[in-house]
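Trainee: I'm new to this one. Could you show me how to read it, feature by feature?

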Amino acid sequence: MSKFVYSIKAADAYQCPLLHETREQALEAAKKEADEALDPSTTTEIYTARVAPIFDLLMLRVPLIGWRCGQYVAAAAEDVSVLDQVIAPLTREQERALGRHIINWYRAHPGTLPATGTADLGRHTHTTPAGAAK
Amino acid sequence: MIAKKYLVCIDGAWYANEYDSRQEALNEALRFVSGAYPLGETCAVKTALAVPAADLLRPHAADLGARIQSTASKRLAFHTEGHLNLPQLDSVQAFRLGNLMLDWLEANCSCTSVGTTDVELHECTSRGRVES
């Protein structure tokens with residue numbers, strides 16, 4: 001089940017660690033906090049985002065990570081070999097498979113990644129009520 | 001232990017045949033040059049140690065691992081609009097990650113069976129005399 005967080009872009013943007021069931025709930029909580037914490041008639045940006053395991057976020061980039069790996073190998077091979085081609089260019093399927101293999105290594109090695117990140121950012125503009133108490 | 005093998009390159013073209021020693025590789029190159037080139041013509045011959053492609057890249061494993069981490073971090077930052085970057089891997093982790101990739105490539109890709117290293121250049125003539 002997806003959870004959502006919010007952050008308020010004030011002097012220093014920060015992300016509230018509380019989790020909300022829906023994006024709308026996160027946004028309402030952010031607006032309430034902004035109304036209480038910021039000066040009257042202050043316009044600020046609020047971000048809402050879905051909380052997701054880092055592995056899931058990186059899995060979306062698997063083909064590109066695999067493709068990059070192939071590029072790195074080719075560059076390294078140029079330095080150490082006189083042959084034009086030490087490892088043949090990867091097919092797209094190989095790139096995806098290599099990318100998945102790399103991400104699975106991260107999954108198997110706790111500490112190499114944060115536990116969670118945020119995705120699906122939503123940007124909202126909010127103005128605190130005029131004359132509201134700080 | 002796998003025996004060392006050597007390759008030859010004549011005028012820029014590497015040949016697939018492998019030889020058990022550098023001298024044997026060079027001798028074969030000279031025989032070829034003597035038969036195929038006009039008398040007295042000079043050409044460049046290289047000999048090189050043949051090693052498995054993945055092994056050739058093992059010394060670069062830590063650097064490869066660090067590059068992978070950098071790529072993953074950039075991809076994550078892009079996906080989260082800059083909200084998240086990955087911590088740097090320590091040198092041991094980077095080394096392991098780079099080796100993991102090389103292991104995978106060795107097992108799953110049509111790697112060239114050998115790369116080359118320890119290259120030596122020899123100047124040869126069709127008379128078969130080795131200048132250096």
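Trainee: Let's start with a bridge. Which residue is the bridge partner of B:Val51 in E4(B)?

Mentor: This is a predicted model, so keep that in mind as we go. In E4(B), B:Val51 is partnered by B:Gly115.

Trainee: What is the order of the strands in the chain B sheet?

Mentor: Read it across: E2-E1-E3-E4, 4 strands in an open sheet with antiparallel pairing. Strand E2 (13-14) and strand E4 (115-125) of chain B are the edges; each has a single partner strand, so one side of each lacks a neighbour in the sheet. Then look for what lies on the sheet: helix H1 (residues 22-36) of chain B packs there, touching strand E1 (5-10), E3 and E4 of chain B. The direction of that helix makes about 30° with that of E1(B).

Trainee: Now chain A. How many bridges pair E1(A) with E3(A)?

Mentor: There are 7, in the antiparallel sense. E3(A) is also joined to E4(A), again antiparallel, by 10 bridges. You can follow one residue across: A:Ile46 in E3(A) is the bridge partner of A:Ile8, and A:Ile46 also stands opposite A:His124 in E4(A).

Trainee: And how do I read a helix? Which residues of H1(A) are buried?

Mentor: Here's the general idea: an α-helix has 3.6 residues a turn, so residues three or four places apart point the same way. In H1(A), the buried residues are A:Ala26, A:Ala30 and A:Ala34. They cover an arc of only 70° around the axis, which puts them on the same side of H1(A). Over on the other side, A:Glu24, A:Lys32 and A:Glu36 are exposed. The cover over the buried residues includes strand E1 (3-9), strand E3 (43-53) and E4 of chain A.

Trainee: What span does helix H1 of chain A reach?

Mentor: Its 15 residues, 23-37, reach 21 Å from first C-alpha to last, close to the 21 Å expected at 1.5 Å a residue.

Notes
Residues numbered from 1 in each chain as written. Chains lettered and ligands numbered in written order. Predicted model: local features only at pLDDT ≥ 70, side-chain atom pairs only at ≥ 80, totals over all residues. Helix = DSSP H or I, 4+ residues; strand = E, 2+ residues; numbered from the N terminus. Expected span 1.5 Å × (residues − 1). Buried ≥ 20, exposed ≤ 12 C-beta atoms within 10 Å, placed from the backbone. Arc of directions from axis to C-beta. Contact = placed C-beta atoms within 7 Å. Pairing = 2+ DSSP bridges. Axes fitted to C-alpha atoms, helices over the stretch in contact; angles between N-to-C directions.
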